[in-house]
Amino acid sequence: LISYLKRYILYTYLKKCSQIHPVKNVSILSVFLRYRHAIIDISAADKRRGKKMRLTQYTDYSLRVLLYLGVRDNNKLSNIKEIAEAYNISKNHLMKIIHELGKLGLIETIRGRNGGIRLAQLPKDINIGKVVRQTEEDFHIVECFDREGNFCIISPVCKLKSVLHEAMQAFIKVLDQYTLEDLIQNKDELNLLLLSQKNEE
């Protein structure tokens with residue numbers, strides 16, 4: 001996480017110095033996708049201390065569900081079992097996520113014998129930044145971001161806090177510039193990988 005934040009702090013600094021446009025000249029989304037497991041993973045030491053690293057697994061799986069549904073023909077329904085098998089993740093965990101995505105109006109459930117799930121909105125209308133905000137419990141990447149749980153003695157005068165806040169805002173701002181449609185331009189490649197997992201079983 002620290003390494004990832006350093007990249008954003010550096011990016012924010014360079015942007016101010018050279019007026020780099022975040023979309024045209026720097027593919028921050030590619031960095032996000034490449035290093036997302038470094039953000040999501042919880043180290044053994046952090047597990048012992050009971051600390052969480054962001055982005056959460058909940059957000060990761062939520063985005064994966066939307067990607068899966070996004071590359072499918074919207075007239076063809078999907079189900080939790082096939083999504084869980086495609087990503088090799090827990091079916092029980094996905095059930096809660098899909099329920100919440102339904103409450104957010106991102107997917108719809110068709111009940112009945114031949115029922116299933118599909119996107120409730122067009123991919124171009126599903127903003128990635130908004131999804132991340134809705135699925136993350138908070139953005140407390142450091143202790144001082146949590147007012148109730150902050151016990152750091154230098155917090156009132158700490159400059160690092162504002163730098164990290166600026167870096168986090170830059171992170172979210174980039175995600176705000178992308179929709180689900182932007183992430184599924186390579187539908188054929190995504191489908192090939194998703195279906196290959198199913199065919200192996």
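This is a predicted model: local features need pLDDT of at least 70, side-chain atom pairs count only at pLDDT 80 or more; totals for chains, interfaces and linings use all residues.

Biologist: Okay, where is Leu77 found?

Modeller: Leu77 lies in the loop between α4 (57–71) and α5 (80–87).

Biologist: And which residues does Leu77 touch?

Modeller: Leaving out residues up to four places away in sequence, Leu77 touches Arg72, Ile110, Asn114, Gly115, Gly116, Ile117 and Arg118. For Ile117, which is 40 residues away along the chain, the C-alpha atoms of the pair are separated by 5.4 Å.

Biologist: Now the strands. How do β1 and β2 run, and how many bridges join them?

Modeller: Strands β1 (residues 107–110) and β2 (residues 116–119) run antiparallel, and four bridges join them. Ile107 stands opposite Leu119 in β2.

Biologist: What do β1 and β2 form?

Modeller: They form a hairpin, with five residues between the two strands. Gly112 sits in the turn and has a positive phi of about 115 degrees.

Biologist: Which residue has a positive phi although it is not a glycine?

Modeller: Asn88 does, with a phi of about 55 degrees. Most residues other than glycine have a negative phi. Asn88 is in the loop between α5 and α6 (91–103).

Biologist: Is Asn88 buried or exposed?

Modeller: Exposed, because its relative accessible area is 60% and the cut-off for exposed is over 50%.

Biologist: Let's zoom out. How many helices and strands are there in the chain?

Modeller: Ten helices and two strands. Starting at the N terminus, the order is α-α-α-α-α-α-β-β-α-α-α-α. The chain has 201 residues, and buried ones make up 37% of them. Of the contacts between residues at least 6 apart in sequence, 63% join residues at least 24 apart.

Biologist: Helix packing next. At what angle do α7 and α8 pack?

Modeller: Helix α7 (residues 128–135) and α8 pack at about 125 degrees, and their axes are 6 Å apart. The two helices are therefore oblique to each other.

Biologist: Which residues make that contact?

Modeller: From α7 there are Ile128, Gly129, Lys130, Val132 and Arg133, and from α8 there are Ile172, Leu175 and Asp176. By class, the contact has four nonpolar, one polar and three charged residues.

Biologist: What about Thr179, where is its place?

Modeller: Thr179 is in the loop between α8 (160–176) and α9. Its contacts, not counting residues up to four places away in sequence, are Pro123, Lys124, Ile126, Asn127 and Ile128. Ile128 is also one of the α7 residues in the contact with α8.

Biologist: And why is Thr179 called buried?

Modeller: Because its relative accessible area is 16%, and buried means under 20%.

Biologist: Last one: what is the mean pLDDT of the chain?

Modeller: The mean is 77, and 69% of the residues reach 70 or more.

Biologist: Great, thanks for the tour!

Notes:
Residues are numbered from 1 along each chain as its sequence is written. Side-chain values use heavy atoms; hydrogens and water are left out. pLDDT is the predictor's confidence in each residue, from 0 to 100. Buried means under 20% relative accessible area, exposed over 50%, partly exposed in between (1.4 Å probe, protein chains only). Contact means heavy atoms within 4.5 Å. Axes are lines fitted to C-alpha atoms, for helices over the stretch in contact, and angles run from 0 to 180 degrees between N-to-C directions. Angles under 35 degrees count as roughly parallel, over 145 as roughly antiparallel, 65 to 115 as roughly perpendicular and the rest as oblique. Ala, Val, Leu, Ile, Met, Phe, Trp, Tyr, Cys and Pro count as nonpolar, Asp, Glu, Lys and Arg as charged, and the others, Gly among them, as polar. Two strands pair if DSSP finds at least two bridges between them.
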